[in-house]
Amino acid sequence: MKRFNLLLRTLVMPAFFVVFTSCEPEDSPDIPDKDNGKKVYNEANAEWFPGGKNGTVFMASSRAYRQPMPFIDAGAGYYTDFMRGERIFEKSFVTSEGMGYSGLGPVYIRKSCIACHPSYGGRSKRVDKFDTSDSRNGYLLMIYDPASPTLALASKYFTGMTQTRAVAPFKAPIDEAGIKLTWEPYTDEYGNKYADGTPYSAGTSYAGTLIYPKVEIAQSAILFPDFDMSKHAASLEATIGIYGVGLLDAISDDDLRTQYADEQTRGYAKGIIGGDIEEKDPSNPFPGVHPGRFTYLCTRGTLDNGPGSNAIWNITNVTRPERTYHYITDEYAKIMSQDVDVQKARGESKEEIYNYLMSNTLTPELTKADYDAFMVWHRSVAVPAARNLDDEKVQRGKTLFNETGCTACHKPSWKTRSNYTPMPELSNQTIYPYTDLLRHDLDMKEPGRVKVCRTTPLWGRGLMPVVSGYADMLHDLRARNYEEAILWHGGEAKRCKDDFRSMSKDDREALIAFLRSI
């Protein structure tokens, strides 16, 4: 059986690394209210600290999305676990037993966390080919029934996040060679022009255009002979930022429900709260029922059952003490157990192969200590400080952002709960994520499964070109810049889009300058 062992040498980092993570680079933002060279937090400058006093890091370089929160290396006792968890995030899992990061498969999506979150979750890049070996491609593939009122996943055959890789002799549910990704042109009701006649994204090579993805999967690429792809559709979802998720987790359920109730009293942009989700895992610090707040569709209620906690298992199929079973479907186990090539290669019977694949008593490959360290890291990746908030243009943009009604969904600030037990340092923090953590219908052209999408947090997104080298946005990366991200807003947010279209060029640029600064 596969086994995960984290080598001791990965925990011992040279002293200069601690100095590096604690120092400001030359391009750090200029923050007011300095005391002896140290930035001082107070209510007057709280917006410069989007992650709150304890969750913000003053760095605006290419490493801005991977920094620990200040208390991690300030004597709080978390540092070793943070570094251990970071190594787990970065390293690729392998199949060979006895190796440092073994446990991959038998079927999987990616070999590592960072393969889905290049640049530490600064967004993956829009690509022209679905190739999971491409380090820029962080897309996840979903197969669903477009005729279903809930756009239900084809979960009898495929896992929720569709697997396209396997460890021999097992075979992938879908052959990636049969996946075709194309970018289709789209012209909106205004001819892709502003009210003043300026084409969208003027000055770029793609001025006056909008695009959206189309995914087609050949029937021959499907492993299951009785699955009809013509009656189903494929959807792409890009991974999002990792930093600050511990702070979002620290927002209380009551405050989230209050936000939902408040939105129901207004005439537009009435957010949909995530359905109640019961957390049954005994290791979850918040057992019980919670409204969903994580993922585009708000299908996860707490960070300990959120995308990262699940992904370290279901992306790689690496088992752990409370997940001693594979992330596969019964149909897949049946097909593989009946495959003569698999039987011959493993020297096992149909029953033995099926029982192995569907066992719920597999040996854990990731230890509890490793998982706990991973969650310390996951919970405490810092939010980059805001930049240039005192700039006159940025201040004008903030005024326009508020007047246009963007804050109806992009709620600027929250106060975290008073007793966040997994990491008390995240309690009582005033944070500025610019999200209501609710879902809204933006009425996009061909949105795939994500027709009603959670409001994406805006904090730190302005650093994407610095961190990642690109700034593709929205759930499927159809937007190539902030401008297009706004222009794809329809439905509940159409009024905001139309107001943006009617602005002067200077005002449009000011609003985008504000978005880049927060």
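**Ground rules.** I worked on a predicted model, in which local features need pLDDT of at least 70, side-chain atom pairs count only at pLDDT 80 or more, and totals for chains, interfaces and linings use all residues. Residues are numbered from 1 along each chain as its sequence is written, and side-chain values use heavy atoms, with hydrogens and water left out.

**Terms for space.** I used a 1 Å grid over the protein atoms alone: a cavity is a set of points where a 1.4 Å probe fits but cannot get out, a pocket is an open set with protein on both sides within 12 Å along at least five of seven lines, and lining residues have an atom within 4 Å of a point. Points are joined across faces, edges and corners, and a volume is the space filled by probe spheres set on them.

**Largest pocket.** I looked up the volume of the largest pocket, which is about 1200 Å³. Its lining has 50 residues, and Glu237, Thr295, Tyr296, Thr299 and Pro307 lie nearest the centre. Two or more lining residues come from each of β5 (139–144), β9 (233–238), α5 (245–249), α7 (307–314), α11 (368–379) and β16 (452–454). I took helices (H or I, at least four residues) and strands (E, at least two) as DSSP runs, numbered from the N terminus. Helix α7 gives the largest share, 6 residues. By class I noted 29 nonpolar, 14 polar and 7 charged residues in this lining. Here Ala, Val, Leu, Ile, Met, Phe, Trp, Tyr, Cys and Pro count as nonpolar, Asp, Glu, Lys and Arg as charged, and the others, Gly among them, as polar.

**Cavities.** How many cavities of 30 Å³ or more does the whole structure hold? I found 2. The largest cavity has a volume of about 610 Å³. It is lined by 38 residues, with His410, Leu458, Leu474, Ala485 and His489 closest to its centre. At least two lining residues each come from β16, α14 (482–487), α15 (494–502) and α16 (505–517). I noted 24 nonpolar, 8 polar and 6 charged residues in the lining of the largest cavity.

The second largest cavity contains about 40 Å³ of space. I listed its lining as Glu47, Pro50, Ala386, Leu389, Tyr432, Tyr434 and Ile518. That lining divides into 6 nonpolar, no polar and 1 charged.

**Positive phi.** Tyr434 turned up again here, with a positive phi near 60° in a residue other than glycine. I placed Tyr434 in the loop between β14 (430–431) and β15 (439–441). Tyr434 is buried at 4% relative accessibility, where buried means under 20% relative accessible area with a 1.4 Å probe and protein chains only. Asn317, also not a glycine, has a positive phi of about 65°. Asn317 sits in the loop between α7 and α8 (330–338) and is buried, at a relative accessible area of 0%.

**Cis peptides.** I logged a cis bond between Gly105 and Pro106, with omega about 20°. Pro106 is in the loop between α3 (79–90) and β4 (107–108). Another cis bond joins Ala168 and Pro169, with omega about 10°. Pro169 lies in the loop between β6 (165–166) and β7 (179–186).

**Helix α3.** I checked the 12 residues of α3, which reach 17 Å from first C-alpha to last, close to the 16 Å expected at 1.5 Å a residue. The expected span is 1.5 Å times one less than the number of residues. Among the buried residues of α3 I noted Phe82, Met83, Ile88 and Phe89.

Key: Buried < 20%, exposed > 50% of the residue type's maximum accessible area, 1.4 Å probe, protein only.
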